[in-house]
Amino acid sequence: MYSDGIFPTVNQTAHQSVLQAKGLRKVYGSRVAVDGIGFSFEEGEFIGFLGPNGAGKTTTIKMLTGLVKPTGGEITYFGKDFFANPRFAKRIIGAVPQQNNLDRDLTAYENLKLHAILYGMDRSGMSEKIGEMLTFAGLTNYRDMQVKTFSGGTMRRLVIARALLHEPGILFLDEPTVGLDPQIRRSIWEFIVKVNNLRNTTIILTTHYIEEAERLCRRVLIINDGKIIAEGRPDEMKKEIGQYVLEIYMEEGINERFFESREDAVIALRDSRYPCKVREVTLEDVFLKITGRRINV
Amino acid sequence: MFNGFTAVLYREFTVYRKRFFKQLLTASLSPLLFLIAFGWGLGREVSVGGMPYINFLIPGLVTMSSLNQSFAISAEINISRFYFHTFDEYLIAPASHLEIVLGEALFGVFRGMLSCLIIFLYVVVFKVKLSFNAMFLPAILLHTFQFSALAVTTSMVVKDHSSQALVNNFVITPMIFLCGTFFPLGKLPSAFNYLVSILPLTYSTKAIRASLTGGTVEYSHLSIMGLFCLVFFITSMLALRRVEA
Ligand SMILES: Nc1ncnc2c1ncn2[C@@H]1O[C@H](COP(=O)(O)OP(=O)(O)OP(=O)(O)O)[C@@H](O)[C@H]1O
Ligand SMILES: [Mg+2]
């Protein structure tokens with residue numbers, strides 16, 4: 001299950017992969033931002049790239065969406081090479097960048113219209129399509145308001161709505177809920193899950209929030225220092241290191257021990273000379289166990 | 001097929017409509033000040049290049065004003081790239097670089113042309129007699145296109161806002177003062193003549209002035225302007241390609 005960079009086996013079942021990457025690399029000067037990563041995703045999957053700041057998540061998304069040229073490696077959409085068929089691939093892609101990039105001088109409607117024209121959508125049904133999308137995103141009240149007056153959560157919703165307008169098969173979300181308060185975050189989560197369920201859109205999301213990856217993603221790729229260091233279903237990855245953690249508060253810091261059952265952990269707790277706490281394992285522990293560091297410090 | 005081109009123009013014109021009065025006011029002020037200072041201040045008695053100075057000055061103001069307006073798109077593209085990141089929307093979309101560059105450049109041409117109308121309004125108000133030659137149209141088109149394309153190039157090369165200001169201060173402003181906009185070129189020491197002869201504004205000024213003051217517009221000047229258009233268009237395409245490095 002732990003791969004050392006290049007994803008070893010590609011799932012060759014009847015399902016066609018919507019997106020495949022091999023040996024993807026990006027080097028900035030002497031800094032290796034992405035260090036030979038590979039993966040293959042199928043239609044309707046909900047994927048998470050989980051990793052700490054500077055892991056290379058954004059750089060990976062930028063290469064996959066054509067904003068940054070890879071130093072090396074291959075990207076294919078539906079089996080077609082990305083760089084040989086950019087127009088074909090770009091029509092399939094919807095992208096929500098880490099920083100909101102709405103046009104602040106335009107209204108919500110005008111931002112969507114700009115996107116519709118940009119993607120060559122049919123002029124005749126354009127206005128209805130935009131109206132439907134505003135309803136889908138719960139933004140009808142904001143239709144004719146200038147974006148510069150919007151709150152962070154509303155802007156985020158609009159960026160996602162815009163990325164969905166041309167009905168992409170694959171939606172990239174780079175840190176979709178960063179900087180939002182817990183309640184707004186939850187509403188954005190519901191929105192994204194709705195997109196995945198109702199439209200069967202393949203979703204690829206990056207995050208450094210453990211909870212976000214665990215709750216939303218059916219498959220998580222843990223990235224550190226530009227490499228995929230683990231991947232799989234969140235529950236299976238956690239099971240592999242043990243279901244429960246005993247946190248031991250020692251003078252040098254917190255020590256962690258993993259157990260298969262709560263009972264075993266509690267027995268160990270009783271024997272300990274230090275203050276302890278038993279809790280369920282999270283993906284943070286998976287990361288910690290492999291790298292010796294935490295995702296969020 | 002022209003989706004990217006149409007989208008860029010849709011964006012620019014929608015925003016322009018909202019800022020119309022502010023922009024009109026901005027574009028009107030500096031030529032008016034020049035007219036008051038040098039047109040009225042120096043008076044009609046001063047004669048330059050065989051005509052009243054105000055007649056000499058007005059084509060210069062047309063050139064300066066349209067250059068400023070066309071080149072102004074540079075700062076705005078720069079802001080959209082580095083500050084609001086809206087430019088990324090174009091790069092992610094299924095649109096070619098050609099469409100994006102052409103869309104932005106044509107908007108620059110539009111802005112430059114519009115500023116000429118303001119000056120023609122002043123001409124009426126100040127009761128200046130100009131002779132209008134049809135060659136003005138190709139001259140102003142080439143003039144505004146070359147500086148719009150230069151603006152796109154600059155906005156793609158320059159990495160932040162202060163470097164953008166540097167280009168304005170060290171390239172655009174000196175050009176405006178040296179290339180015969182406000183005085184005939186012959187008066188400068190000969191060393192300057194070499195410098196001036198490689199600057200694109202020199203040929204714009206010559207062609208535009210000739211077309212508005214009853215002179216003959218030299219085809220060689222128009223050809224050189226066309227050449228600059230081509231060069232700056234190519235540099236903007238190359239610069240945009242480098243953005244996705
Ligand atoms: N344009 C650039 N030039 C030089 N180095 C860069 C550039 N972009 C990213 N990097 C470096 O590449 C590494 C990966 O950056 P990236 O933005 O992809 O990380 P990330 O996982 O998205 O982090 P974050 O959680 O902070 O968004 C970082 O060390 C960063 O400094
Ligand atoms: Mg990032």
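Polar contacts first: chain A and chain B share 11 residue pairs in polar contact, both partners at pLDDT 80 or more. Here a polar contact is a pair of N or O atoms within 3.5 Å; within protein, one must be able to donate a hydrogen and the other to accept it, and residues adjacent in sequence count only if both atoms are side-chain atoms. This is a predicted model, where local features need pLDDT of at least 70, side-chain atom pairs count only at pLDDT 80 or more, and totals for chains, interfaces and linings use all residues. Residues are numbered from 1 along each chain as its sequence is written, chains are lettered from A in the order in which they are written, and side-chain values use heavy atoms, with hydrogens and water left out.

**The A–B interface**
- On the chain A side, α2 (86-92) and α3 (108-118) each bring at least two residues to the face touching chain B, with helices being DSSP runs of H or I, at least four residues.
- The largest share of that face, 6 residues, comes from α3(A).
- In total, 30 residues of chain A and 27 residues of chain B take part in the contact (heavy atoms within 4.5 Å).
- Together the chains bury about 2,700 Å², 56% of it on carbon and sulfur atoms; that is accessible area (1.4 Å probe) lost on being put together, summed over both parts.
- Leu67(A), Arg87(A) and Leu118(A) supply 27% of what chain A buries here, more than any other three residues.

**Salt bridges**
- Chain A and chain B are linked by 5 salt bridges, each a side-chain nitrogen of Lys or Arg within 4 Å of a carboxyl oxygen of Asp or Glu.
- One cross-chain pair is Glu110(A) with Lys18(B), at 2.6 Å from N to O.
- Over all chains, the structure holds 23 salt bridges.
- Lys57(A) pairs with Glu175(A), closest N and O atoms 3.8 Å apart; Lys57(A) sits in helix α1 and Glu175(A) in the loop between β7 and α6 of chain A, so the pair ties together parts 118 residues apart in sequence.
- Lys57(A) is buried at 5% relative accessible area, and Glu175(A) is buried at 3% (buried means under 20%, exposed over 50%, partly exposed in between; 1.4 Å probe, protein chains only).

**Nonpolar cores**
- Leu158(A), Ile222(A) and Val62(B) touch the most other members of the largest core, which has 135 residues; a core is a set of buried Ala, Val, Leu, Ile, Met, Phe, Trp, Tyr and Cys residues joined through side-chain atoms within 4.5 Å.
- Helix α6 (residues 97-125) of chain B gives this core its largest share, 12 residues.
- A second, separate core of 27 residues includes Ile47(A) and Phe82(A).

Conventions
Buried area is the accessible area (1.4 Å probe) that two parts lose on being put together, summed over both.
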